Amino acid sequence: MIKGQSRALLIGRALLYLFGVGFMLLGVRYFADPRALTGESDIVLPNAKAMMEIRTVYGGMFAGLGLTLTLFSLRESDVAAGLRVLITVAGLVAAARIGAIALGEAPDTLFAALLGIEI
């Protein structure tokens, strides 16, 4: 352990850093290649406008969230706030996935794996 840091703080910092880097990598991936999402999720990109939307939401927002979480991981005083952001975002996405299942949309393996990560 790093001197002066509790195990819980180290775990919190590690979670923020790992999720932050993961979101940034996904953001860069989907910005650079929006069609990568089509094979993973059966989303159709019929035109340039649809590709732009994937670049902005999956690219820009994921990269922005990832950078935010990573920055929260850097300072001990920011870890609690960063964990609240991560819990809020992941919790609401998980709730939306569960809501989609309740509406009769059957999950596949990817959907179930993402739900597990979010929970």
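**Helix 1 and helix 3**

I noted the crossing of helix 1 and helix 3 as left-handed, meaning that the near helix is turned anticlockwise from the far one by less than a right angle; clockwise would be right-handed. By class, I find 19 nonpolar, six polar and two charged residues in the contact of helix 1 with helix 3. Ala, Val, Leu, Ile, Met, Phe, Trp, Tyr, Cys and Pro count as nonpolar, Asp, Glu, Lys and Arg as charged, and the others, Gly among them, as polar.

**Helix 3 and helix 4**

I then took helix 3 and helix 4, whose axes come within 8 Å and cross at roughly 150°. These two helices are therefore roughly antiparallel to each other. The crossing of helix 3 and helix 4 is left-handed.

**Elements**

I count five helices and zero strands in the protein; both are DSSP runs, helices being H or I with at least four residues and strands E with at least two, numbered from the N terminus.

**Aromatic pairs**

I found three aromatic pairs in the structure. Phe23 and Phe62 form one that is edge-to-face, with 5.5 Å centre to centre and 85° between the planes. Rings of Phe, Tyr and Trp (its six-membered ring) pair if their centres lie within 6.5 Å; planes under 30 degrees apart count as stacked, over 60 as edge-to-face and the rest as tilted. Phe23 is in helix 1 and Phe62 in helix 3, 39 residues apart.

**Largest pocket**

I looked up the largest pocket, which holds about 820 Å³ of space. On a 1 Å grid over the protein atoms alone, a pocket is an open set of points where a 1.4 Å probe fits, with protein on both sides within 12 Å along at least five of seven lines; lining residues have an atom within 4 Å of a point. Grid points are joined across faces, edges and corners, and the volume is the space filled by probe spheres set on the points. Of its 27 lining residues, Tyr58, Phe62, Arg97, Leu114 and Glu118 are the closest to the centre. Helix 1 gives the largest share of the lining, six residues.

**Basis**

Residues are numbered from 1 along each chain as its sequence is written, and side-chain values use heavy atoms, with hydrogens and water left out. In this predicted model local features need pLDDT of at least 70 and side-chain atom pairs count only at pLDDT 80 or more, while totals for chains, interfaces and linings use all residues.

Key: Axes are lines fitted to C-alpha atoms, for helices over the stretch in contact, and angles run from 0 to 180 degrees between N-to-C directions. Angles under 35 degrees count as roughly parallel, over 145 as roughly antiparallel, 65 to 115 as roughly perpendicular and the rest as oblique.
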